[in-house]
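Subject: A structure to look at

Hello,

I am passing on a structure that I have been looking through, and my notes follow below it. Please have it open while you read.

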Amino acid sequence: TTGFTSGSKYFCFLPVRHEERLRCNLYFARKPGEGFKERRLHNWPPELSGQPFGVTLKPDELERFTQADGSLLVMVHAVGLGGEEDELPLPTLAQDSSLVNDFPPSAVAMQTPR
């Protein structure tokens, strides 16, 4: 089984003119006042360098992230571009269990700079 179900959406990055593997965090906003969800994309396998890679959202997740006007708000935060973190090894798929974080509105309020 591939993990895809009817209505799932695949959000992927397509490298153009390079074979680098991007490490990033994707933040999907829920409806106003409901927080957001972080999906870490740190496990791009070396054998897939230069090929599209990303995360899949199931229909129930898409429903929670779809705004009243039908839009989907996604922020992409690249990790380690041009810095020392470029030298850090990418996590393996076996280490992937911690790559999803779920933030309720209270956590968002606590992390908001004043």
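Is Phe-65 buried or exposed? Phe-65 is buried, with a relative accessible area of 0%; buried means under 20%, exposed over 50% and partly exposed in between, with a 1.4 Å probe and protein chains only.

Before the rest, a word on the source. This is a predicted model, where local features need pLDDT of at least 70 and side-chain atom pairs count only at pLDDT 80 or more, while totals for chains, interfaces and linings use all residues. Residues are numbered from 1 along each chain as its sequence is written, and side-chain values use heavy atoms, leaving out hydrogens and water.

**The core**

The largest nonpolar core has 10 residues, among them Phe-28, Trp-44, Val-55 and Phe-65. Such a core is a set of buried Ala, Val, Leu, Ile, Met, Phe, Trp, Tyr and Cys residues joined through side-chain atoms within 4.5 Å. Strand S2 (24-29), strand S4 (53-57) and helix H1 (59-65) each give two or more residues to this core; helices (H or I, at least four residues) and strands (E, at least two) are DSSP runs, numbered from the N terminus. In S4, 4 of the 5 residues are buried, so this strand is largely enclosed by the rest of the structure.

S4 also pairs with strand S1 (residues 9-13) in the antiparallel sense over 5 bridges, pairing being called when DSSP finds at least two bridges between two strands. Phe-11 stands opposite Val-55 there.

**The rings**

There are 4 aromatic pairs in the whole structure. Rings of Phe, Tyr and Trp (its six-membered ring) pair if their centres lie within 6.5 Å, and planes under 30 degrees apart count as stacked, over 60 as edge-to-face and the rest as tilted. Phe-28 and Phe-65 are stacked, at 5.5 Å centre to centre and 20 degrees between the planes. This pair links strand S2 with helix H1, 37 residues apart. Ring pairs join Phe-11, Phe-28 and Phe-65 into a cluster.

**The charges**

How many salt bridges does the structure hold? It holds 5, each being a side-chain nitrogen of Lys or Arg within 4 Å of a carboxyl oxygen of Asp or Glu. In one of them, Arg-39 meets Glu-61, with the closest N and O atoms 3.9 Å apart. Arg-39 lies in strand S3 and Glu-61 in helix H1, 22 residues apart, and both are buried. Lys-37 joins Arg-39 and Glu-61 in a network of salt bridges.

Happy reading!
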